[in-house]
Amino acid sequence: MLTRRSTLGLLAATAILPSRAFAHVAPPRNEIRDSLAKRFTDLGTAGTFVGYKVEDYLVVASDKERSGEAKLPASTFKIPNSLIALETGVVTDPDKDVFPWDGVKRPIEAWNKDHTLRSAILVSAVPVYQEIARRIGQERMQKYVDLFDYGNRDIGGGIDQFWLTGALRIDPVEQVDFIDRLRRRALPISKRSQDLVADILPVTKVGDSVIRAKSGLLGAERGEPSLGWMVGWAEKGEARTVFALNMDCKEPRLVGERMPLTQACLAEIGAI
């Protein structure tokens, strides 16, 4: 079983990804595929894809530059936010605890209603998760972001804004590492919290494969999208592939391309 450090170490040790000072481990096989990079340019945008094929001990990436560039996580932070909410007791049951709508009409209609944790993560309801973050509070939030070794661990910029407009940054390699630890239930919190969050992650079925993933979109709450994320893992039979994709979404047409492009990249590397 891979440990937290050996997992990130094996990613960092590959020639395709930025080197970091982690424990020495034998690197996995690794590839850069120009054909993956071409999928972004064919859409008229820039982006990156990193996939870690667990059983094949193989890292595949579209590039070795942007894959190591840290950016705001946007709503992909709803994954750690959910874990922290459950671990601290801010949420006890993802299907029963209700967060009432505050009555403020927002551009995304699905946000204008009461939500449970499960329904909130499905529609990526920012106001619900901002309330969750406020209830968690600065001290506990920092404690768990540190425990998770999540990105640069900087939650400056407001307890309900740091992942949207604040100081938090994470790169695709770090996303893959974090998601893989959740997938393996290897985060330093209860298995129950990890089981529940894995269960509420939005699911997309592609043939006989399943993708469990969370999207992110900077500027979504303002109607000014700029950067899109998709992070998660794919299940094909017994095989697992952990992935992170981000792309510039400065045109509205690109927002809806995040999942199709993710599926195309996963299919190309044989993950679905």
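Student: What makes Ala110 and Val128 count as residues that His115 touches?

Tutor: Contact means heavy atoms within 4.5 Å. Leaving out residues up to four places away in sequence, His115 touches Asp97, Val98, Phe99, Ala110, Ala120, Val123, Ala125 and Val128. By the way, this is a predicted model, where local features need pLDDT of at least 70 and side-chain atom pairs count only at pLDDT 80 or more, while totals for chains, interfaces and linings use all residues. Residues are numbered from 1 along each chain as its sequence is written, and side-chain values use heavy atoms, with hydrogens and water left out.

Student: Why is His115 called buried?

Tutor: Buried means under 20% relative accessible area, exposed over 50%, partly exposed in between (1.4 Å probe, protein chains only). His115 has 2%, so buried is the word for it.

Student: How do you know that Asp42 and Lys38 meet in a salt bridge?

Tutor: A salt bridge needs a side-chain nitrogen of Lys or Arg within 4 Å of a carboxyl oxygen of Asp or Glu. Here the N to O distance is 2.9 Å, so the pair qualifies.

Student: And why is Asp42 exposed, and what is Lys38 called?

Tutor: Asp42 has 54% relative accessible area, which puts it over 50%, so it is exposed. Lys38, at 47%, counts as partly exposed.

Student: What makes Arg118 and Asp199 a salt bridge?

Tutor: Their side chains meet at 2.7 Å, N to O, so they fall within 4 Å. Since Arg118 lies in helix α4 and Asp199 in helix α8 (residues 191-200), the pair ties together parts 81 residues apart in sequence. Helices here are DSSP runs (H or I, at least four residues), numbered from the N terminus.

Conventions. Helix = DSSP H or I, 4+ residues; strand = E, 2+ residues; numbered from the N terminus.
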